[in-house]
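Hello,

Here is the model for you to look over.

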Amino acid sequence: MRAVATLFVLVVLGSSGAHVLAQSAAPAPAPPATEAAIHGYGDRDKTCLAWTDQCRSCTRADGDEVHCSNIGIACQPAAEIACTARKPEPAK
């Protein structure tokens, strides 16, 4: 009888501990999709010829091709992407 009681206590404690571990091991929220944002910025602002997130720089080439630099090892991209060059205004 003592063995059954011990086994019961171990099962109850083991299952409640697993429940606590399962709750604490929930996946962390995904980081913002800055990779997609830096490449897609040119699609949102067609007048921008060059933009940056303070880590990578992108330029719009002929034919609307976008070329971006690689990110540095320790660089932390800025939250906002900024346009650094725009198409010149047509002469009037």
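With the bonded cysteines of the protein chain numbered in sequence order, the pairing runs 1-6, 2-5, 3-4. The structure contains 3 disulfides, a disulfide being a pair of cysteine sulfur atoms within 2.5 Å. This is a predicted model, in which local features need pLDDT of at least 70 and side-chain atom pairs count only at pLDDT 80 or more, while totals for chains, interfaces and linings use all residues. Residues are numbered from 1 along each chain as its sequence is written, and side-chain values use heavy atoms, with hydrogens and water left out.

Strands (E, at least two residues) are DSSP runs numbered from the N terminus, as are helices (H or I, at least four). Buried means under 20% relative accessible area, exposed over 50%, and partly exposed in between, with a 1.4 Å probe and protein chains only.

Cys48 and Cys83

The sulfur atoms of Cys48 and Cys83 are 2.2 Å apart. The link is right-handed, with 115° about the S-S bond. Cys48 is buried at 0% relative accessibility, whereas Cys83 is partly exposed at 24%.

Cys55 and Cys75

Here the S to S distance is 1.7 Å. The link of Cys55 and Cys75 is left-handed, at -95° about the S-S bond. Cys55 lies in the loop between strand 1 and strand 2 (57–60), and Cys75 in the loop between strand 3 (66–68) and strand 4, so the pair ties together parts 20 residues apart in sequence. Cys55 counts as buried, with a relative accessibility of 17%; Cys75 has a relative accessible area of 25% and is partly exposed.

Cys58 and Cys68

The disulfide between Cys58 and Cys68 has an S to S distance of 1.9 Å. Its angle about the S-S bond is 110°, which makes the link right-handed. Cys58 is in strand 2 and Cys68 in strand 3, 10 residues apart, and the pair links distant parts of the chain. How accessible is Cys58? Its relative accessibility is 1%, so Cys58 counts as buried. Cys68 is partly exposed, with 26% relative accessible area.

Regards
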